[in-house]
Structures are given as C-alpha cells and as structure tokens.
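Dear colleague,

Please find the structure below, handed over for your review. My notes on selected sites and helix contacts follow it.

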Amino acid sequence: MCGIIGIASNKLVSTNIIQSLKKLEYRGYDSAGIATIVNGEINEKKCTGRVDNLEKMLFKSPSNGSLGIGHVRWATHGIPSQVNAHPHSSEEVSVVHNGIIENSNELKKNLEKKGYKFKSQTDTEVITLLLTDFLKNCDLVDAINKTLKTLNGSFALGILFRKYNNIVVGARRGSPLAVGYGPEENYLGSDSYALKSMTKKITYLDDGDVCIITNNKVDFYNSKNKKINKKILILSNDKYNVEKGDYKDFMSKEIYEQNITAKTCIKEYIDQLRKDINLYNFPIQPIEIKKIVLIGCGTAYHSCVTAKYWFEELTNIPVEIDIASEFRYRKIKFDKKNLYIFVSQSGETADTFGALDLCKKNKVKTCSIVNVVESSIARSSDFVLPIHAGPEIGVASTKAFIGQMLVLYILAIKISDLRKEISRLEYEKKISDLKKLPDLIKSTLDYCQNSIPIIAKDFLKAKGVMFLGRGLSFPIALEGALKLKELSYLHAEGYPAGEMKHGPLALIEEGLPVVILSPKDKYFEKTISNMQEVIARGGKVILITNENNKIISENVRFSLKIPKTDEQLSPFLMTIPLQLLAYHVASLKNCDIDKPRNLAKSVTVE
Ligand code: AGP
C-alpha cells in the first residue's frame, strides 16, 4: 500500500506535493518520488527512505513545474530501491500507483516482445509502457481506457502526459482515490487526510472511475467512458490535534491519551443523565438478529475476538468472528437476519473492504466500526459507529483498539437491553461502571509507567515470548503478542492458556519470558495452574493480574497488579501494560516506533 498525490495548478507544485507525501507516509515509507512537467519534459526525482530525503534532493535540484505527481511506497513487487521507487516514467508518460497489477508478468513479456525495456522490477512500470504504446496509435482517452481494460488487479493511479502538459489523470479500481478542489488548482490524493491541508472540498472516486484534472476543471468518466457528475463532500474541521506535543513519538502520545479516547467515546454514546445508550436506527431490529458476524484484520480482528465474549454473554446471540482475508474467499452462507459488523481503524483496509463488498453483493445488513468516518468502509456500510479516537498516526494501533472494543461493548450492552436479555438495573450498572473506565485507564497508565521499562530489559535477549490468557484475556494475549512482534521484531505468540499442554508447552525452557494475563474472573484459578505448569519448566513468568494474592506471585519473575474493575471491562486495562511493554522493548532496541519496518498504517492491497 502506497500513497499518491497529484496537483494541477498555475503555480509551482513541488512544495505542496512534498507536504502531502509527508502526510501519506503512514501508507508506506520505504521510498518516495515526484515528477513534474518542466519545459515540456517529464522531470522525475526519486529516492529510497523517507520523504525528507526527497525534500533534501529537491533543495539541491528543484522540481519546477505547475503540474506534478508524487508517491510514497510500500514495496510489493521489487525491493525498496531508487529504481523501483515511483513515479515510473517513459519519455511520454509518468505514473504513480497504489495497488497490485496481478497480470503484470504476462503484460511485461508482451511489451518486451515489442522491444520495450524495463528499468524496474515493479508491476507498475507495465502501466507506463502500455500507455506509451497505446498513445502511438490512439488519442489520450482511448489510450487510457485501453490500458485500464488490459490491467487485472487493483489500482489508484496518478498519471502525467508530456504532450498534455496541463492535465493530471486519475483512475481507481479497488484502491481508494479522491479529488480535491482548490482556488485555481485541483488535487488528486489517496485519501482526505492527504488533501485536508489544501482543501475541505473533495470527491471520492468509485471503482472504474477516471478523472481528468486541470488547474480550473475536473471531469469524471465512469467505466463505460461516460462523462458523469460526482458528489462534492465538505470535510469536517479536525477537532483533534495531530502534533506529538512533548511526546517522543506518536505511539507514546496515543498510548497516554487512551483515557481521553475512552472519555470522548463514552460521552458520544452514553447519556449519563438518562442512564441510556444513544444508539438508534439499527439496520436490523436487534430483536430480529439471528447471528452476529464480526470481521476485521490485525488489531481490529482482536477487538472482534474480544467482542465475541461480550455479545455471547450479554445478548445471547450466536457470534462468528472472521479474519477478513479468509472470510472473503470462503463459501459463506449469507443470511438476511444476520448482522455483519466490520471493524477497521483506517476504514481502508483492502481485505476488510473486500469482505464488506461481498456482503453488500449478497444484500445483507452491514455495520462498520471505524475511526476514519470519511473512509471507503464507512461510506459503503449501512450503519456506521465512529470510535472517536482522533487521528492515529503510529502504525501500531493502540488507542483505536481501546475505541473499537469500547464501541463493541457499548453495542453489546444496548442490544442486550433491547432484547431484554439483561434487566434495567444491570443495564444502568454497566453504564455507570463504564463511567469509571477513563480514570481506571489513567491509573493503570500511571501504575505501569515506571515498572514496565524495567521489565522490558528482561526481553532484550529473549529468543521468543509467549502471551497466555483465558476468556476475555485470550484476545488480549493475541494483541500483546502482535504489538511486541510489530514493534520490536521479536517472535511472540498469544495463546489460550488452556491450549498450552496440547503442544506449545514444548517451547517452554529455562528463561523464556511468558506473560500471563490473569484477572480475578471465572478463569482465574485455571490460569494460575497453567502458570504453574510454565514455571515448572523454567519459564520466566510476568504475571499481570488485578488480584492481591502474594502466594500466586511467589515464583514469578515480575507481578503487575493493575486496578480492579468489572470482569467484562478487564480487557481495557489488561491491554495497557502490554502496549507499554512492546513500546519499551522496541525503544531499548532502537526500533522505529511510529514506522516499524515492513509495515504501514493502512493496508490497501491484498
Ligand atoms: C495493528 O497495530 C496493525 N497496524 C494492523 O494489524 C492493523 O490493525 C490492521 O492492518 C487493520 O487495520 P485497520 O484497523 O485500519 O483496518
């Protein structure tokens, strides 16, 4: 997944392109590039690494021109290198691309037979040379349509043409793309976040759409090459501050603002005065719901696993959970009485969007729980529940996870009330318990602040790490392992504690760090006996509990006692020491906290 930008203006564009690329770096940061038209020639500049490197390059030799495209890359085809960085240009055409061309090898062979030479290992260069080839015998629109028809796969494209030096062309199939309208200039961008600093007026392209942008006009064409009008949306003014402030990185800021995330989310959904949850106009009457299907990827999927326990416990509705990349290719028996819920921070994750699209094609009711309300997933679902966490910049998701779990829990309570599965008293108790959560999160953050950096040192020489939990702590163990993997590059596994003796116990050896999540709940005793099995084999246990019991902590390496809370709220507090552990192990290893290697914040390719 990459980020693309394009600007057609009557003034120099490189500065704005660089600023927008910096905003798009959460989509990819292994290389960057820009192309402009200067004196009728395509002027291309690209480099490996961050946009800062490209900016330095432009300081030395500026890219003039009032027409330009730019790109930040997350490599799919071809290693991160200068030659594989985008744009990919011929003398006539320059292309930036986000997506994957699945038939690029075949198309490459055909073009090589025609004598074309490829400079890069990318799938994208095929588009450049196809356009170059078609332009020999076709006019612009024909060359574009013939090229797009030849491509299999997903793409969001920004294209410059040497001969047509006042237009930027955009095209979308599968990957998100938006147009922005400015005073005497117009823009093309992967999402509203990249365009927001230049305009609040945008239009999202749909699959099959092509747009031709000049500095004072934008024309749209659909997949049948018919000219169409598109809706212009006005973006909301950001009430969130996206600066790091005094924090060293965005991730620590996002971890330490989770009590505010919880407070904002609760304020948006709960009417404390009337002790009620403001959730109405469900796409399907809660009483009629036959089954709930929860779908997501990565951390979002872990919030789905956690919610399965809450929905089953509170609503008495059967729940299925699914990883989106598996759901979308399985033979699914759709049912119009089911509610399909999609969880996604970015709202642009290709697999989750693909699963949603499949549900829409099968005419079932969909609900999305997102952080980016202008995202493709939000715009395509019947019912949207924002998590109100504000922009999350760190690639490793933290506050969005808390927000996702919170909205799912609030939804479960509301549905259980509307289905009369819980009494009014229980309903109001749960609402008042939620009110205490932001402060409990704050005290857990304060409690862990000094202890976790010490514990983190113990992980530096570890060969691997296990995270174990039962019930609601099992998905939190999964999340703890994911955070440690994606931030510190240590191999880690989250496992149901009861499953250890069926194999993974073989991994336990002298000194292996094993994080045990054991809040005082119906699984407590069982989890503690699993802990003893690990200690007996030399495992170095880090126990995280909210139970004050000296005996259980006897043979453990470290014991963390976090604040006590209602059993069903323990995931919110159990998560925090695990986020901080991953953060501090990664800091001690000098890993890039906000932009871990090989990852990106929004995965817009399969
Ligand atoms: C989490 O830290 C990761 N960045 C990743 O697993 C993420 O949760 C996943 O890609 C889903 O992203 P989404 O919530 O934006 O759909």
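The side chain of Ser-120 forms a polar contact of 2.7 Å with the side chain of Glu-125; a polar contact here is a pair of N or O atoms within 3.5 Å, where, within protein, one must be able to donate a hydrogen and the other to accept it, and residues adjacent in sequence count only if both atoms are side-chain atoms. The side chain of Ser-120 also makes a polar contact with the side chain of Thr-122, at 2.8 Å. Please note that this is a predicted model, in which local features need pLDDT of at least 70 and side-chain atom pairs count only at pLDDT 80 or more, while totals for chains, interfaces and linings use all residues. Residues are numbered from 1 along each chain as its sequence is written, and side-chain values use heavy atoms, with hydrogens and water left out.

Ser-120 sits in the loop between α3 and α4; helices (H or I, at least four residues) and strands (E, at least two) are DSSP runs, numbered from the N terminus. Its relative accessible area is 5%, so Ser-120 is buried; buried means under 20% relative accessible area, exposed over 50%, and partly exposed in between, with a 1.4 Å probe and protein chains only. Neighbours within four places in sequence aside, Ser-120 is in contact with Val-83, Asn-84, His-88, Lys-108 and Glu-125, where contact means heavy atoms within 4.5 Å.

Glu-125 leads on to helix α4 (residues 125-135), in which 10 of the 11 residues are buried. Among them are Glu-125, Val-126, Ile-127, Leu-131 and Asp-133. The buried residues of α4 pack against the strands β5 (88-89), β6 (93-101) and β7 (153-161), and against the helices α3 (104-113) and α5 (140-150).

The ligand site may be of particular interest to you. The ligand is surrounded by 15 residues, and the closest are Ser-344, Gln-345, Ser-346, Thr-349 and Glu-486; a residue counts as near a molecule if one of its heavy atoms lies within 4 Å of it.

- Gln-345: a polar backbone atom is 2.6 Å from an oxygen atom of the ligand.
- Ser-397: a backbone N or O atom is 2.7 Å from an oxygen atom of the ligand.
- Thr-299: a polar backbone atom is 3.0 Å from an oxygen atom of the ligand.

Glu-486 belongs to helix α15 (residues 473-488). Is Glu-486 buried or exposed? Glu-486 counts as buried because its relative accessibility is 13%. Its side chain and that of Lys-483 are joined by a polar contact of 3.0 Å. When residues up to four places away in sequence are not counted, Glu-486 touches Thr-299, Val-395, Ala-396, Pro-596 and Leu-599. Between Glu-486 and Ile-593, the C-alpha to C-alpha distance is 9.4 Å, with 107 residues separating them in sequence.

Two helix pairs involve α14. The axes of α13 (residues 399-418) and α14 (residues 424-457) come within 10 Å and cross at roughly 170°; axes are lines fitted to C-alpha atoms, for helices over the stretch in contact, and angles run from 0 to 180 degrees between N-to-C directions. α13 is therefore roughly antiparallel to α14, a term for angles over 145 degrees. Residues of α13 including Ile-402, Leu-406 and Tyr-409 meet residues of α14 including Tyr-427, Leu-434 and Ile-441. This contact of α13 with α14 has nine nonpolar, no polar and four charged residues; Ala, Val, Leu, Ile, Met, Phe, Trp, Tyr, Cys and Pro count as nonpolar, Asp, Glu, Lys and Arg as charged, and the others, Gly among them, as polar.

Helix α8 (residues 258-269) packs with α14 at an angle of about 175°, the axes being 8 Å apart, and the two helices are therefore roughly antiparallel to each other. Gln-258, Asn-259, Ala-262, Lys-263 and Ile-266 of α8 make the contact with Leu-434, Pro-438, Ile-441, Lys-442 and Leu-445 of α14. By class, this contact has six nonpolar, two polar and two charged residues.

One further site is Thr-315, in helix α9 (residues 298-315). Thr-315 is buried because its relative accessible area is 0%. Its side chain reaches the backbone nitrogen of Ile-317 at 3.1 Å.

With kind regards

How values were computed. Angles under 35 degrees count as roughly parallel, over 145 as roughly antiparallel, 65 to 115 as roughly perpendicular and the rest as oblique.
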